Amino acid sequence: VAMAHLAGRLAQRWCPSSLQVISFPVVQLHLNRTAMRASQKDFENAMNQVKLLKKDPGNEVKLKLYSLYKQATEGPCNMPKPGVFDLINKAKWDAWNALGNLPKETARQNYVDLVSSLSSSLESSSQVEPGTDRKSTGYETLMVTSEDGITKIMLNRPTKKNALNVEMYHEIMHALKAASKDDSAITVLTGNGDYYSSGNDLTNFTDIPPGGVEEKAKNGAILLREFVGCFIDFPKPLIALVNGPAVGISVTLLGLFDAVYASDRATFHTPFSHLGQSPEGCSSYTFPKIMSPAKATEMLVFGKKLTAGEACAQGLVTEVFPDSTFQKEVWTRLKAFAKLPPNAMRISKEIIRNREKEKLHAVNAEECSVLQGRWLSDECMNAVVNFLSRKSKL
Ligand SMILES: CCCC/C=C/CC(=O)SCCNC(=O)CCNC(=O)[C@H](O)C(C)(C)COP(=O)(O)OP(=O)(O)OC[C@H]1O[C@@H](n2cnc3c(N)ncnc32)[C@H](O)[C@@H]1OP(=O)(O)O
């Protein structure tokens, strides 16, 4: 968060003429989808949409819909528990009861989200050729599709090398939450175009709220903590397809994925010191564990850029594929994974992740708090000003 007026002051202090060449685009703060609440009308529309689904979504999803509907309309489960032999009503009761004290509004929102993810994946199944991706609409910065039991979240700002702007952070969180509830077995994150992602969009640092730079840094830390938290808590197998170079937060997050497949064109670069910043995405904890403390230091402190082969040798990448066959090979493999029993995969992931979850959340909180301070430093502001004034690139 190098903030416009402070950055401007810095530029003026050290290089008055540079003010003419730096124009600070104002980042449009888009509506936080996660903060959106479904209205009664949205809820009613969703109920109508369910009736129009052309394909049976399966018992598990139907139970989820039932329980969310009951919670949204009546609140916590208020029925006597059916007998053990009343299997259907018992399953319904269990599903509703499992929602505990979930607020009615949240249940309503979850119902609307679930129906929307079903509509985009099931409704279109009758409209598209087999094998063609089904696209869910409504995202500005992502392409989200569901096919063959796989939800694919594709970063879609190729002209900006898939840099993560504020809207993209919110949309990824939204897409992950929807994917965690949809009927896919696994979820994939990848990039559109020649880059996987160039990391945090450095223009995020330029839109200063009335509270000034401190407030900007504080808001950035809150956003980052919530964003990384979604990866820590994601319940299904989450796989990264690193189609090209990856920078900054797009690299650090890889330590929270369950598998990372990379094209041999990919590179892995975390130039935090160059940018006056410090590690995030829980990498201060995951990287030393994955690759040894010294190798992690080379990346996170000295900003050493790794090739895909090096990242694989160090355990950050699971497997590397020639770029020419990357898509074909990984998708064949992913489709086979997606046929495995989804509940078994979820439970196996849970048992691996649960052991680390508390620690990861604590690390995330600490990293965000340290970064909040870094964003206010001259070192960080200089780096951002230099990039925005096109004086430096990585
Ligand atoms: C709130 C949470 C904060 C979490 C913090 C996370 C920390 C990080 O992620 S640190 C990493 C930050 N990323 C960078 O420093 C990368 C900066 N970009 C570059 O150095 C270069 O663009 C590149 C090496 C990635 C690519 O160079 P190349 O010559 O191939 O392409 P360009 O012409 O530079 O880029 C095309 C286009 O894209 C814009 N762009 C690329 N990356 C970013 C970025 N990170 N932020 C903003 N904009 C970016 C670049 O400005 C070009 O835009 P124009 O065509 O409009 O000039």
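Residues are numbered from 1 along each chain as its sequence is written. Because the model is predicted, local features need pLDDT of at least 70 and side-chain atom pairs count only at pLDDT 80 or more, while totals for chains, interfaces and linings use all residues, and side-chain values use heavy atoms, with hydrogens and water left out.

The protein holds 15 helices and 10 strands, taken as DSSP runs numbered from the N terminus (helices H or I, at least four residues; strands E, at least two). Of its 394 residues, 49% are buried, that is, under 20% relative accessible area with a 1.4 Å probe and protein chains only; exposed means over 50%, and partly exposed lies in between. Among contacts (heavy atoms within 4.5 Å) with a separation of 6 or more, 74% join residues 24 or more positions apart.

A backbone N or O atom of Leu202 sits 2.8 Å from a ligand nitrogen, a polar backbone atom of Ile249 is 3.0 Å from a ligand oxygen, and a backbone N or O atom of Thr159 lies 3.4 Å from a ligand oxygen. The protein covers 80% of the 1100 Å² of accessible area that the ligand has on its own, by the Shrake-Rupley method with a 1.4 Å probe.

Finally, Gln327 belongs to helix α13 (residues 326–337); it counts as partly exposed because its relative accessibility is 39%.

Note on methods. Polar contact = N/O pair within 3.5 Å; in protein donor to acceptor, adjacent residues only side chain to side chain.
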